[in-house]
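Open the model in your viewer and keep the selection panel at hand. This tour moves from stop to stop, saying what to select and what is there.

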Amino acid sequence: MSDDCAHCDGLSRSRLLHKAFAEAGRGLPSIEPGMPLPAGTGLTRRRFVVGGLGAALAVYGGAHLGIRAFEEGIAAAAAGPAQPVFVSIFLEGGADGLSVLSPQGDSLYTSLRPTLALSGGTPLAEDSRLYWHPALGGIQQLYSEKKVSVLPAVGYTHPDQSHFTSRHYWEVGATDAQLNSGWLGRYLDKIGKQNNPLQGLSLDDTLAPALATTKMPVASISTPDDYSFYSNRVWGEVEQRMLQGIGLLGDQHGDAGLVTAGTVSKQVDRLRRQLLPFQSYTSPVTYPTSDDPFPKRLAGLAAMLGLGLPLHCVALTAPGSYDTHTNEAGALSDGLQLTSDSLLAFQRDLEARGLADRVLVHVWTEFGRRAQENGDSGTDHGAAGTGFLIGSRVTGTMVGEFPGLQSGLDADGNLIETADFRAVYAAILEQWMGVDAAAVIPNASSFTRPTLIA
Amino acid sequence: MWKGKFRVAQAERLLWRVGFGPRPGEAEALARLGLDGAVRSLTHPRAERLVGPRPHDQNGYPLAPYDAWGHDHLWWLDRMIRTSRPLVERMALIWHDWFATSNEGVGSQRLMLNQNALFRRQGLGSFHDLLVEVTADPAMLLWLNGGDNSKDSPNENYGREMMELFTLGHGSGYTENDVREQARALTGFRYDWTQSGPAHFRYDPTYHDTGVKTIFGIKGRFKWRDSCKLCVSHPAHAPFFVLKLWSYFVPVPPDHATQRELQKLYVSSGYGIRPVVEAILKHPQLYDGPRLVKPPVVYTAGLLRRIRRGIDTDDWVWLDAMAGQQLFYPPNVGGWDDTRWLDTATWRGRWWIAQEAIDPYALDPSRGGKPDDATKLIAGALRFWHEPPLEKPTRTALHTFAHRALHDAAGQDWKKQQYPPMVANALRHLIAVSPELQAA
C-alpha cells in the first residue's frame, strides 16, 4: 500500500506515528471535555476514527493505531523535516492594480481616471507615488511588519488580454496555450507522494488548474471540516465496508472515461481516510464573518496545518468580483476588504499556532486593467497587475518597481510589467520549496530570480 | 457514418450524448428504429410532451421559476427529466455553456429564462441567427455590458468575448484593434433602470458610433448585425464552430477529413446547426470512441429518469452546485470546464446526489427480509436501477463489498437479519456512483 514505509518494521512505524501525533497535537485544542492530558508525554488526547474499523478511538500519541497508508503518510510528513507550505490566492477576473495601489503621486493619474481616481490614504513606504487602497488595511498592517513583499507591476511580455488565456499562462507557469499541467502540479509530479492527495489541495468547489498533475494525486474540498459521506439506512460495519467500496470502484481499466471516473473514485477514498482525524477545530483568532467561504477556508487551512496534515501546495480563490467593466469602485472595495481582512487573520492564526515560518502566501490576478477608465465608471482588460507575497519570512521589499504612467504604458495604454511571473515562480520554487526551477518552469534559465525570502 | 451494429448499447450511448439517458425501455425502442431513424427522431422531434410526475417544491407547491431562488434550476431540471425532446434540452444546455451567462451578473431569473427559451427555440437552427439574437438578448446585454457600450463610452467586454469565446477562438485571426473596433460597431444598445430592475431594452441609434471602423482588415460603417456577420463569415469561424460543437458529443477530437467535411456541411447549409449535429450523431467516433463524463445535471436527470422520479424537493439546487453545476450560474463567461467535471470535491457532490435519489426508497434494516447472498442482492440493486450495463471491474467491486459486508454478520442473528437490507441500500448507492453511471 505505502511506498514510504514498506520497509519499516513495527517499531519504527510506531515511532513515526508517535512523532506524527506529537506534531499534530501542537496547538490543537481538541481535548475531549473532562479528559486528562496523558501524563509525561506532552501529547493531547484526540478522538480518532480509524477507517475500516468504524471505531472512534481515544488515541495517546497514536502508538496503537492500525497501520494504513494515509496514516503512514501523515507520519512521514510530520516526522520528517517540516515541509514548507505554499498558498496561492487568485483574484479572479483581473484586479485593477491601479486601484489596489493607486498612483496618486503620478501627475497623469487623475486625467486617466476622472471618476475612479482614489485620493488620500496611506502611501507605500517604498514608493510615495503609490497609495494603499483603503480596503487593504490588513495587508498594509502586515507590510508595516515587513511581512509583505509588493509586486506593483507583475506580468509578462506580449500580454494577452483574454481572461482565460492569461490565467492559463499563470496557471501553467508559461506563456504556452497548449500546456495542460499546472506549475504546482508539475512540481508535485516531481517531488510528491503516490499516497498523499493532500500534498496539492484546492480549498474550493473544484480543483485549481495550477494544481493539475499528470501523475500524483491532488485533491479539492470545499471546506476542510466536512468531507462526509452518508447513505440512508446504512450504518456501522456495513457503512465502513461501503465506504471502502468507493476505493474498490476505482480499479478500472480499458475505456478512458471509466478510468477517469475510477481514478477520482480512488482519490476520494484516500482523501476521506486522510481527513478522518479532522472532525472539528477551533481557531485561536477571530476570522471575518461572511457568507463567502473564504475566511472559513483559511481558518480550516490553519487548523489542518496545526493538526500536522501533510499539506504542501494549497490553492484558493479570493472572494470578490474583479472583472470591473462597470461601476468598479464598490465591487472592488468589497472584494479587497474581505480578502485582506481574512489574510490578516490567517497570518495571526499561523503566528498563534507557531506555524508562521512555514507558510508563504502568494496573491495574484491574471492581469491588471487599462490605465484609462472606460466611461462606464469601469476599466477594461489591461496588462501588468499587482501581486503580493505574504509571510513571516518574506523580505518585505518590493519586487520590480512601479513604471509610472508617463513612460510605463504600452501602445494599448496598459501598464508594462517590471517583474515576470515566471521569474517569481522560479524564485518560489528555489528559495521556498528548495528545488531547481528548471525542472518545473520552461526556459527557467532565461529569468532573473528576485530575492523573495529573507 | 457508423457502419457497425445499432443495438441497445449504441442506442443507450446515443441517448446519453443527446440528452439525459434512457427511461426504462427507451433504448430498446430507439434501437428498433435503426441509426438513421433514431437520429432523425432526435433531431426532428415532434411537439414536446412532458411525461412523468409534475414538479413541485418540498412543501408541495408548484415551482415559481421566475421568482423563487433555485426554482430556475429545478424548472429546467424538470424539463430535462420529463421532455420528449431530449436533444432540444441538451442543445439548450450546450448553448448555455457556449454563451455562458450567469445570473450572478444579470440578477433576474426572468431574463435568464427568456434567454433559455431562446436557446430552446433557436438551438438547432442557424448559428448566425442564434448569434444575432444572443447579441441583442437582455440577459447578455447586462452580463457582458453590451447595454453600457455607447459611442461616448465604448465597452469592449462583449466584442472581445464574441470573438474569443463565441465565434473564432482565442488568437484566431483577430487583433486587439479588432476588439476595439468591434466594440464601436456594437454600440447603441440601451436599457433603463427602473423600480423593478433593468427594463426597456432597445437599440437607440443616437448612442451608436456611426463612424468608419476597420474590422478584420475590412472598412465600413459597421453596426451590430455587421459585427455578427463578420464573425460568422471569418475563415476561422467554421473550424472553431465544428470543433467546439463536436467536443460536447465526443471526447476525442475528430480526424482531419471529418473536420473538413463538417465545416463544408456547416457553411453550405448556411451555418446550420442541425445538419452538423446529425452528422456527428452518425459518426463512428461517437460509437467506438471512449465514454464521456456526464455533466452533473445530466447525471442527476439521468438517475431520476431511470427510476421515474420527478422533482419533489429543492435539494437538487445545492446538490448539483456541489457537483459543480448550478444552472444559470456558470463559473464565468467561458462556461464550465467540460473536460474536468470530476475531482474529489465534485465526486462527493455526486455521492450526495445519488443519496438523495435513492433516499425515499431505502429499505428498513429492522424489517429484514432480504437474502443473505451477495449475487442475489446485486441482482436486486441492478433491477432497482433498471439494469444499467456494468463492466467486470465494477461487478467485482460490488461483489467484494457485498461479500465482505455479509461475512461481518456471521454468527450474530440480528446482523444476519439487518445486514442484507443495509447491503442492498449500499449497493444501490455504489451502483449509482460507479464509473459506468458517471461516464457514458
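Helices (H or I, at least four residues) and strands (E, at least two) are DSSP runs, numbered from the N terminus. The model is predicted: local features need pLDDT of at least 70, side-chain atom pairs count only at pLDDT 80 or more, and totals for chains, interfaces and linings use all residues. Residues are numbered from 1 along each chain as its sequence is written, while chains are lettered from A and ligands numbered from 1 in the order in which they are written.

**Stop 1: a loop in chain B**

Select B:F328. This residue sits in the loop between α18 (316-322) and α19 of chain B. Most residues other than glycine have a negative phi. Is B:F328 buried or exposed? It counts as buried, because it has 22 C-beta neighbours inside 10 Å. The cut-offs are these: a residue is buried if 20 or more other C-beta atoms lie within 10 Å of its own, exposed if 12 or fewer, and partly exposed in between, with C-beta atoms placed from the backbone.

**Stop 2: helix α12 of chain B**

Select residues 224-233 of chain B, which form helix α12. Its buried residues are B:W224, B:S227, B:C228, B:L230, B:C231 and B:V232. Now show what covers them: α8 (127-135), α10, α11 (176-185), β3 (213-215) and α13 (237-247) of chain B are included.

Keep α8(B) and α12(B) on screen. Two packed helices are described by the angle between their axes and the distance between the axes. Here the angle is about 140 degrees, and the axes are 10 Å apart. Axes are lines fitted to C-alpha atoms, for helices over the stretch in contact, and angles run from 0 to 180 degrees between N-to-C directions. The crossing of this pair is right-handed. A crossing is left-handed if the near helix is turned anticlockwise from the far one by less than a right angle, and right-handed if clockwise.

Which residues of α8(B) meet α12(B)? Pick B:F127, B:H128, B:L131, B:V132 and B:T135; across from them are B:W224, B:R225, B:C228 and B:V232. Two residues are in contact if their C-beta atoms, placed from the backbone, lie within 7 Å. Ala, Val, Leu, Ile, Met, Phe, Trp, Tyr, Cys and Pro count as nonpolar, Asp, Glu, Lys and Arg as charged, and the others, Gly among them, as polar.

**Stop 3: a hairpin**

Select β1 (residues 189-194) and β2 (residues 197-203) of chain B. The two strands run antiparallel and are joined by five bridges. Two residues link them in a hairpin. For one bridge, pick B:W193 and its partner B:P198. Two strands pair if DSSP finds at least two bridges between them.

**Stop 4: α21 against α22**

Go to α21 (residues 392-407) and α22 (residues 413-432) of chain B. They pack at about 160 degrees, with axes 10 Å apart. The two helices are therefore roughly antiparallel. Angles under 35 degrees count as roughly parallel, over 145 as roughly antiparallel, 65 to 115 as roughly perpendicular and the rest as oblique. On the α21(B) side, select B:L398, B:F401, B:A402, B:A405 and B:L406. On the α22(B) side, select B:Y419, B:P420, B:V423, B:L427 and B:L430. This contact has 10 nonpolar, no polar and no charged residues.

**Stop 5: where the chains meet**

Show both chains. The contact takes 54 residues from chain B and 48 from chain A. On the chain B side, elements giving two or more residues are α10 (157-167), α19 (344-358), α21, α22 and α23 (435-438).

**Stop 6: chain A**

Chain A has 12 helices and 13 strands. Of its 454 residues, 58% are buried. Color the open sheet: eight strands, in the order β9-β8-β10-β3-β11-β12-β7-β13, with mixed pairing. The edge strands are β9 (219-221) and β13 (419-420).

Within this sheet, zoom in on β11 (residues 359-365) and β12 (residues 385-390), which run antiparallel and share three bridges. A:H362 has A:L389 as its bridge partner in β12(A).

Finish at A:K146, in the loop between α5 (137-144) and β7 (148-155). Its phi is positive, about 65 degrees, though it is not a glycine. A:K146 counts as partly exposed, because it has 13 C-beta neighbours inside 10 Å.
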